Amino acid sequence: MLIAGFPAGAWGTNCYLVAPAAGEECVIIDPGHQAAQGVEETIAKHRLKPVAVVLTHGHIDHVASVVPVCGAHDVPAYIHPADRYMMSDPEKAIGRSIGMPLLGELTIGEPDDVHELADGSRLELAGLELTVAHAPGHTKGSVTFRMPERADIPSVFFSGDLLFAGSIGRTDLPGGDMAEMLESLARVCLPLDDSTVVLSGHGPQTSIGRERATNPYLREVAAGLGGGAPATAPRRGM
């Protein structure tokens with residue numbers, strides 16, 4: 001298994017390229033702001049052939065390079081229907097202007113081929129299996145992708161901006177909702193094995209076991225409190 005990730009752009013958003021091995025087909029997860037060059041360098045380094053772009057949600061820091069990346073490799077993009085509008089209207093998605101200098105660097109709009117994701121669906125792409133879980137809270141259309149355990153690696157969970165090392169995604173932008181966030185954490189994250197590797201939209205790698213033990217938000221959900229967000233860890237993401 002090959003998972004190559006790098007932080008990109010003004011928000012340091014993690015972009016991942018996933019393949020069964022070097023020299024094979026791959027899936028690109030969240031090519032965000034200024035990610036196109038890093039994507040091309042990673043493809044060349046590992047001799048990969050992209051077959052699809054999959055998106056955890058529609059915020060511009062996760063989708064800004066979707067059009068050039070999909071266009072360069074003639075591949076489709078996958079996104080939840082509730083967040084699809086964000087690719088064409090990024091300012092509406094965050095409730096404010098993202099700034100003209102930054103906006104001038106972006107290719108706004110959808111790629112030619114867009115597929116919509118559904119909760120519980122399984123994507124079989126590039127010899128990989130990705131299970132989709134709808135996980136609203138950060139946005140209405142946030143999803144996660146989980147890969148099953150294999151002989152060479154434990155289960156891998158691409159959490160987007162749902163769960164970070166020590167924190168969770170912010171809920172104060174349009175479509176954000178703390179009650180939905182806590183419900184998503186309980187429904188999507190808590191059932192996962194402690195050995196599950198968590199690769200999030202921002203920050204370092206972690207595991208479900210580590211977050212179950214130390215993340216104040218996940219600990220609150222596990223304890224069944226559900227009364228709001230603890231103030232001990234700032235939320236992250238755009």
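**Helix H3 and the strands**

Helix H3, residues 66-73, lies across E3, E4 and strand E5 (77-79), and runs at about 150 degrees to E4. Helices here are DSSP runs of H or I with at least four residues, strands are runs of E with at least two, and both are numbered from the N terminus. Angles run from 0 to 180 degrees between N-to-C directions, the axes being lines fitted to C-alpha atoms, for helices over the stretch in contact; contact means heavy atoms within 4.5 Å.

Before going further: this is a predicted model, in which local features need pLDDT of at least 70 and side-chain atom pairs count only at pLDDT 80 or more, while totals for chains, interfaces and linings use all residues. Residues are numbered from 1 along each chain as its sequence is written, and side-chain values use heavy atoms, with hydrogens and water left out.

Which residues of H3 are buried? They are Val 66, Val 69 and Cys 70, where buried means under 20% relative accessible area, exposed over 50%, and partly exposed in between, with a 1.4 Å probe and protein chains only. These residues lie on the same side of H3, because they cover an arc of only 95 degrees around the axis, the arc being that of the directions from the helix axis to the C-beta atoms. Their cover includes E3, H1, E4, helix H2 (60-63) and E5. On the other side of H3, Gly 71 and Ala 72 are exposed. Asp 74 follows H3 and has a positive phi, near 55 degrees.

I turn now to the sheet. Six strands form an open sheet in the order E1-E2-E3-E4-E5-E6, with mixed pairing; two strands pair if DSSP finds at least two bridges between them. Strand E1 (2-8) and strand E6 (114-116) stand at the edges with a single partner strand each, so one side of each has no neighbour in the sheet. E1 pairs with strand E2, residues 13-19, in the antiparallel sense over seven bridges. Within that pairing, Gly 5 has Tyr 16 in E2 as its bridge partner. Helix H1 (residues 36-46) also packs on the sheet, where it touches E1, E2, strand E3 (25-29) and strand E4 (49-54).

Finally, strand E13, residues 197-200, is covered on both faces: Val 197 and Leu 199 are buried on one side, Val 198 and Ser 200 on the other. E13 pairs in the parallel sense with strand E10 (residues 156-160) over four bridges.
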